[in-house]
Every structure is written in C-alpha cells, then in structure tokens.
Amino acid sequence: MIDTPLLLSIHDWDARYDDLMARDLVEAGYGGRLSRHLDGGDYRLNQLLFDNSAASLRLWNFLLTEEARLAAARADGHTLVGAMKDLGTIPVMAYALPNVTAFYPDGAWWIPCVMELSAGLLSIADRMGIDESFCPVRAMLGAFVSEAHFPIPDLLICSVGATCDDFSAIAQRLQGLGYPILWWEAVHRRQADKGEDSVILPGGFAAPVAQVDFIQTELVRIKQALERQVGHLLSDEDLLKGISVANGVRCILQKLRFISFTAPMAPLPALELLIAEMLAIHYCSDQAESLVVLQDLYDLAKSRVDLGLGHGHIDDARIFWVNPVADLTAMNLLETCGGRICGTEYLFSHALDLIPEDLPPMEALARTALADPMIGSARQRAERITFDMQLFGAEGLIISKIPGASHCALESEVIRENIEESLGLPVIEIEVPPVCDALRSSLKTRIEALVETIKSRRK
Amino acid sequence: MLFAGVDAGSRAIKIVIIDQFCKIVASGVCDQGVNQTLLAETLLEDVIAESNIVRTELKYIVASGYGRDALEFADTTITEITCHARGVSHLNPYAKTIVDIGGQDSKLIRLEVEGRVRDFVMNDRCAAGTGRFLEVVAERMNMPVTDVGLCVVDADNPAIISSMCVVFAETEIIGLLASGERPENIVAGVQDAIATRIAAMGGRSVQEPVIFTGGVARIKGMDEALSVALKHPVQVSDHPQLTGALGAALFARERSGRLA
C-alpha cells in the first residue's frame with residue numbers, strides 16, 4: 001500500500017514510525033526511529049521536513065549511521081581509504097579490492113550543518129588559520145583533529161590540480177598536520193588541438209587522448225598504492241566487476257532522477273533526492289546496501305507516479321538546482337515556496353554517468369575522472385546544465401553558492417548567461433552558509449520571487 | 001470595492017488602497033518597528049480613517065515586503081520583487097529595468113512584456129548598496145536623511161569612499177570631515193559609492209527605460225549618481241516609495257476578481 005506523500009517533522013516521524021512498525025515494516029540493521037539521531041547531536045534534523053515513506057526512512061538511517069559503519073569496518077579489519085576531491089572515481093577502484101571500505105572525509109563539510117556547529121569543527125579549523133574565507137570543507141580538518149566522526153583512514157588519496165584551489169590548500173594543511181596524502185593530478189580538461197586525437201567522455205564532454213592517457217597513468221599509480229596497502233593485486237577482471245557494480249548504483253540513480261524530475265508531481269522531495277544522489281559518490285561506505293536503498297526509493301517513486309501521487313501541487317514551479325547547499329533546510333524551502341526539483345547538477349555529474357564497460361577498465365576510469373565538471377571550463381558545465389534543463393523540462397534555475405566555496409568566480413555568470421541566451425529562463429543566485437536560519441527570510445523571498453516569475457511566464 | 005496592498009519593508013511600512021479602476025484612493029507610510037503586525041494594522045486603520053473609507057469596502061488585501069508573512073490580516077502574500085514590477089509597469093508600461101533601493105536592501109529587476117519579471121538580483125547582505133549608507137552619513141552630518149540630498153547640488157568634487165563596508169566607510173567619513181572635506185562632497189561621494197555598487201550588481205543586464213523606486217529614490221541626487229554609474233538615464237518613478245504597495249494592491253484587485 002502506498003500512503004499519501006507528506007512532509008513530516010522528525011517528531012511527527014515517531015508516530016509514523018510506530019504506524020509503519022505496526023504494519024510489519026522490515027528494517028535494515030541500521031534502522032530505527034529518526035529521532036534517535038538527535039541523541040548523537042544531529043540537532044539540525046529538528047529543523048528539517050522529511051518524506052513520510054519507509055524508503056526515505058531507510059535512506060536517512062543509512063546516511064546517519066555512516067560513522068558507525070566506518071567504525072565497524074575498522075573493527076572488522078577492513079582497509080579504510082579516504083578519497084578526497086575526485087568525487088566518484090577512486091572508490092570504484094577501492095571497492096573492487098577485498099575488505100576495503102572507501103569514504104570521502106570531505107563529506108565532513110555537512111557536519112557543521114547537521115550538528116548546528118555544536119561539534120566545533122569549524123572552530124578547530126579557525127584555530128589552524130583556515131578561517132571562514134575558505135570553503136566549509138575546512139570542517140574536515142576539525143574532524144581529523146577531533147577523531148570524533150570517522151576513523152583515520154589507512155590511506156589518504158587526493159586529486160589536485162584543476163579541481164579546487166581552496167580544497168588543495170585545506171588538504172595541504174591536513175598533510176602538514178601529519179596525515180600523509182597520496183596526491184594525483186587532475187588536469188584541466190581542454191578541447192583537442194587541431195590534428196590531435198580526442199575521445200568522448202561519459203556525459204558527452206570531449207577531451208584529447210593525451211589527457212586521458214595522463215589521467216590513466218596517474219590512476220595506475222593510485223591503483224598500485226591501493227594494491228600495496230591491501231596486499232592484493234587488482235586484476236582487470238575484478239576492476240570490471242567493480243565498475244559494473246558502480247554502474248548498478250548509477251543506473252538506479254539515473255532512473256530515479258529521470259522519473260522524479262519528469263513526473264507531473266514530484267514523487268520525492270528535493271531533500272531526499274539530494275541525499276540519494278550523494279550515494280553515487282561513495283555509497284555511504286556500503287556499496288551493496290546503497291543499491292538496496294536506492295532501489296527502494298526508485299520503486300517508491302515509480303509507485304507514486306503510477307498512482308498520480310506526489311508532493312506539492314501539479315503547478316509547482318519546476319526548478320533546476322545547481323550546486324549542493326551547506327544547510328539542508330534550504331532544500332525544504334524549495335517546496336515551502338511552491339517549487340519542486342526538476343534537475344540538479346551538484347558538481348559531481350561524472351559520478352552519475354555510466355562508466356564505459358567496453359573499454360579497458362583503467363582507461364574507462366580515466367575517462368570518467370576527466371568528465372568531472374569541476375575540472376572543465378565553466379562554459380562546458382553551463383552547456384550540460386542547459387541540456388539537462390531542456391531534458392527535464394525545467395522552468396527556472398537556482399545557482400546555490402556557499403560562502404567562500406566557489407571554485408570559479410566566473411562560473412555563476414557564465415551559467416546564467418548561457419541559460420538566458422539558450423533557453424530564456426529565469427536564473428537566481430542564492431548563498432547558503434552551513435546554518436542559514438538568519439537568512440531564511442531572505443532566501444525565501446528570492447525563491448518565492450523565482451516561483452512567482454515562473455508562474456507568471458506561463459500565462 | 002477597494003483593494004489594499006501592504007508593503008512591510010525593513011525600514012517602513014507602506015500601504016496603498018486602490019479602487020476598481022486602479023486609481024489610488026488612499027496611501028500611507030510609517031516606520032517599521034518591533035511589533036510589525038500591529039504597526040501595519042494601525043497604519044491601515046489610520047489610512048482608512050483619514051480617507052473616509054469603510055473597512056468592509058476593502059475586498060482583498062495583499063501583503064508584500066520582507067515582513068509580509070507576519071501580516072495575518074492579509075488575504076495572501078506576494079514578494080516585493082513581483083509587486084514592484086507590477087507597480088512600476090502600471091505607472092511606466094515601457095519600463096525595462098527597475099532599480100529599487102530601500103533602507104536595508106537593493107534590487108535590480110529586469111522586466112519583459114506586460115511588466116512580468118524577467119529576472120532579478122538582490123543585495124540584502126551588504127549595507128553599502130542600500131539606504132542604510134545614507135542614514136549613516138546623515139547621522140554624521142546631523143541632518144535628517146531626507147535632507148542629505150539637498151546639499152549635493154553644491155558638491156564640486158565628490159569624495160572617494162573606498163571602503164566596501166559601511167562600518168569602515170563611516171570611519172572614512174569621520175576622517176574626511178576631520179580633514180576639512182566639505183559635507184556636500186562627502187554626501188556626493190556616498191551617493192556615488194551606492195550607485196557604483198548597484199551598477200556592479202546589475203552587470204551588463206541593464207536596459208532602458210530604467211525606473212528608480214524605493215525610499216532612496218526620494219533622495220535628491222541619487223538618480224543622477226545612478227545614471228552615471230549605470231551609463232543609462234534613470235527616471236524616478238511616481239510615488240517611488242509606494243510602488244511595491246501599489247503593485248500589491250493591483251494584485252489584490254486581480255485576485256479578488258478571480259475569487260468572484
């Protein structure tokens with residue numbers, strides 16, 4: 001039976017949980033009431049509105065138990081690999097090895113939001129001279145120093161070069177604290193010169209073969225380091241199997257995104273879709289379980305669409321969202337203001353594209369890594385956003401920025417101009433810090449005005 | 001039948017009441033304060049009383065402005081961005097760009113056909129592009145903010161205010177006064193600084209005709225400073241402080257019709 005989609009507070013979820021349990025809800029080992037996470041200091045959950053489905057409950061519980069999962073992996077003798085910045089490539093390689101758990105310490109950037117600054121991670125970074133003029137990823141430094149959020153990885157791997165200067169500075173500071181990092185260079189993706197061979201990358205960008213070769217050489221170096229760390233050689237056959245599993249996750253996500261963005265009514269709220277997309281990056285430290293969680297969400301979305309159910313109203317403004325927010329409450333605000341999510345580009349679109357399975361696996365991974373939107377030109381990113389906006393039927397665009405965190409000062413303007421010239425659709429920029437309560441009224445006005453603008457243009 | 005628009009801004013509450021022919025029959029302005037709902041209700045009652053209107057004649061009320069959600073007596077809310085666009089295009093049907101500078105924020109709104117919003121940019125994070133900057137200089141000059149523009153006509157060499165922050169700019173103003181700079185030149189310099197920030201916010205997207213609204217539009221000299229910074233002629237709207245409330249009243253009339 002599919003219940004009417006509703007948005008619930010975490011406390012309303014307690015009654016909903018009792019109701020589901022009375023109906024014989026089968027939970028994973030990490031299941032339980034959402035409100036229990038408040039005991040661990042995740043106070044921001046008090047401010048969020050959650051989808052009322054069992055599938056969403058599982059998603060949230062999966063997300064919010066990652067620290068326990070990492071601790072268990074360490075206790076079980078797994079090799080812990082901390083991948084940084086590449087967002088979606090190194091974990092594919094790591095999970096192809098036995099008894100390896102990979103995660104992104106960069107993900108600590110959300111801890112200040114979820115714990116409403118109570119963990120003090122930003123303060124620790126402040127004391128190290130990495131102040132608020134840097135990206136909130138600086139929270140990662142605090143997480144390493146406090147050792148209160150994840151076990152210290154056995155191997156730290158970080159891509160640098162074209163990725164993000166800010167992050168590079170923070171990661172170098174981390175290394176300076178005594179955490180050795182295995183760096184690899186991600187070059188700035190360029191067009192092939194005249195007479196130079198090029199290849200099409202996942203997602204449609206093109207790059208010179210020479211750049212793919214270079215990235216592949218770098219990734220082979222990382223592969224060898226992983227093999228040494230684990231004491232096991234990674235065969236092409238095993239890597240291909242790993243790529244196939246990663247593609248399983250990406251495939252479900254592609255289906256989930258498409259059905260959610262194109263349905264007449266939004267089958268899932270913007271917030272849950274954001275969390276779901278994040279699973280593409282490192283599977284919340286459990287690749288197999290992330291497949292189950294996503295399949296549940298897809299089945300739910302499909303059932304709701306088939307039954308004509310959804311959140312909000314059929315005339316809600318269809319909005320494409322660029323860049324993840326530092327404060328999750330901003331995603332709830334979209335629906336509060338009469339909008340719905342209709343496409344996203346959270347700076348890791350390459351982690352959502354299928355990795356080629358008809359190529360030698362290291363070359364396939366190199367092509368995927370080179371498709372990273374962050375290492376190409378802003379115009380290329382804008383073109384992909386424009387294409388996806390048309391694909392999903394979006395009517396307007398929100399470019400979300402984080403104070404101190406834009407890797408390209410010009411990018412928002414380039415995206416705005418591209419959308420205006422190509423599609424003639426309205427674009428707004430918002431800035432969302434890790435806790436945006438004081439800005440809520442201002443954010444609401446901007447998003448509401450965009451919704452009003454979109455609706456007035458329909459007439 | 002009458003229709004009211006209430007623009008609960010950060011520094012002032014503005015009310016416009018129109019009749020079914022869109023004619024303004026009453027209006028009023030008061031300072032914003034702590035009890036925003038009470039202040040707005042009181043202003044509405046005062047405007048009604050002064051205009052010999054019977055409350056029951058008011059068929060629909062639209063609230064706008066940053067305090068809009070607090071006004072429970074309103075039938076609905078619409079953002080000030082949409083309301084300014086509507087109000088300005090009613091008064092200036094060919095307007096393409098609106099520059100609205102209020103006490104605590106500033107907006108640049110681009111319009112398309114029939115006064116619909118094409119897009120907008122908004123600054124509510126930095127006081128240097130808002131009326132607050134003029135209030136600071138007025139306090140330093142010991143004059144009402146409404147009068148600071150009067151002396152600009154006598155400016156012969158506008159001072160250069162280099163700070164990007166009002167707090168530090170105030171320090172610069174104190175320094176300029178101490179060094180004997182003429183107040184007229186300081187005020188002109190502050191107006192140029194505000195206009196420059198608005199121009200930066202607008203980028204290359206400004207199209208003529210440019211209409212200037214908001215409380216700051218009533219300050220003499222600001223329109224000229226904006227014209228120079230934007231490199232486009234700027235026209236101060238009729239009722240510049242009331243365009244948001246007027247737009248809200250026009251929407252109230254529309255919504256009332258839909259309900260009927």
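Me: Into which domains is chain B divided?
Reply: The model is a predicted one. In chain B, one domain is made of two separate stretches, 1-92 and 242-260, and the other is the stretch 94-236. Chain B is therefore assigned, by an automatic or database domain assignment, as domain 1 (1-92 + 242-260) and domain 2 (94-236).

Me: How many residues of domain 1 of chain B are in contact with domain 2 of chain B?
Reply: The C-alpha centres of domain 1 and domain 2 of chain B lie 26 Å apart. Contact here requires C-beta atoms, placed from the backbone, within 7 Å. On the side of domain 2 of chain B, 20 residues meet that condition, and on the side of domain 1 of chain B the number is 13.

Me: Which element supplies the largest share of the side of domain 1 of chain B that touches domain 2 of chain B?
Reply: That side of domain 1 of chain B comprises 13 residues. Seven residues of it come from one helix, residues 80-91, and this is the largest share. By class, the side has four nonpolar, seven polar and two charged residues. The element asked for is helix α2 of chain B.

Me: Which element of chain B gives the largest share of the side that touches chain A?
Reply: The contact between the chains takes twelve residues from chain B and twelve residues from chain A. On the side of chain B, α2 and β8 (117-123) each supply at least two residues. The residues of that side divide into six nonpolar, two polar and four charged. The largest share, five residues, comes from β8(B).

Me: Which strands are the edge strands of the five-stranded open sheet of chain B?
Reply: The sheet has mixed pairing and the order β3-β2-β1-β4-β5 in chain B. An edge strand pairs on one side only. In chain B the edge strands are β3 (24-31) and β5 (76-77).

Me: In what sense do strands β1 and β2 of chain B pair?
Reply: Strands of a sheet pair through backbone hydrogen bonds, either parallel or antiparallel. Strand β1 covers residues 2-8 of chain B and strand β2 covers residues 12-19, with seven bridges between them. In β2(B), B:Lys14 is the bridge partner of B:Asp7. The sense of the β1 and β2 pairing in chain B is antiparallel.

Me: How many residues does domain 1 of chain A give to the contact with domain 2 of chain A?
Reply: Chain A is divided into domain 1 (66-234) and domain 2 (242-345 + 377-458), and their C-alpha centres lie 24 Å apart. Domain 2 of chain A gives 22 residues to the contact, and domain 1 of chain A gives 28.

Me: Which element supplies the largest share of the side of domain 1 of chain A that touches domain 2 of chain A?
Reply: α4 (66-75), α5 (90-95), β4 (100-103) and α6 (111-114) of chain A each supply at least two residues of that side. By class, the side has 19 nonpolar, four polar and five charged residues. Its largest share, four residues, comes from α4(A).

Me: What is the relative direction of helices α11 and α12 of chain A?
Reply: The axes of α11 (residues 236-262) and α12 (residues 270-282) of chain A come within 9 Å and cross at roughly 155°. Angles over 145 degrees count as roughly antiparallel. α11(A) is therefore, relative to α12(A), roughly antiparallel.

Me: What is the relative direction of helices α8 and α9 of chain A?
Reply: Helix α8 (residues 139-146) and helix α9 (residues 165-176) of chain A have axes 9 Å apart and pack at an angle of about 15°. Angles under 35 degrees count as roughly parallel. α8(A) and α9(A) are therefore roughly parallel.

Me: Where in chain B is B:Pro209, and what kind of peptide bond joins B:Glu208 to B:Pro209?
Reply: B:Pro209 is found in the loop between α5 (183-202) and β9 (210-213) of chain B. For the bond between B:Glu208 and B:Pro209, omega is about -5°. The peptide bond is cis.

Key. Residues are numbered from 1 along each chain as its sequence is written. Chains are lettered from A and ligands numbered from 1 in the order in which they are written. This is a predicted model: local features need pLDDT of at least 70, side-chain atom pairs count only at pLDDT 80 or more; totals for chains, interfaces and linings use all residues. Two residues are in contact if their C-beta atoms, placed from the backbone, lie within 7 Å. Ala, Val, Leu, Ile, Met, Phe, Trp, Tyr, Cys and Pro count as nonpolar, Asp, Glu, Lys and Arg as charged, and the others, Gly among them, as polar. Two strands pair if DSSP finds at least two bridges between them. Axes are lines fitted to C-alpha atoms, for helices over the stretch in contact, and angles run from 0 to 180 degrees between N-to-C directions. Angles under 35 degrees count as roughly parallel, over 145 as roughly antiparallel, 65 to 115 as roughly perpendicular and the rest as oblique.
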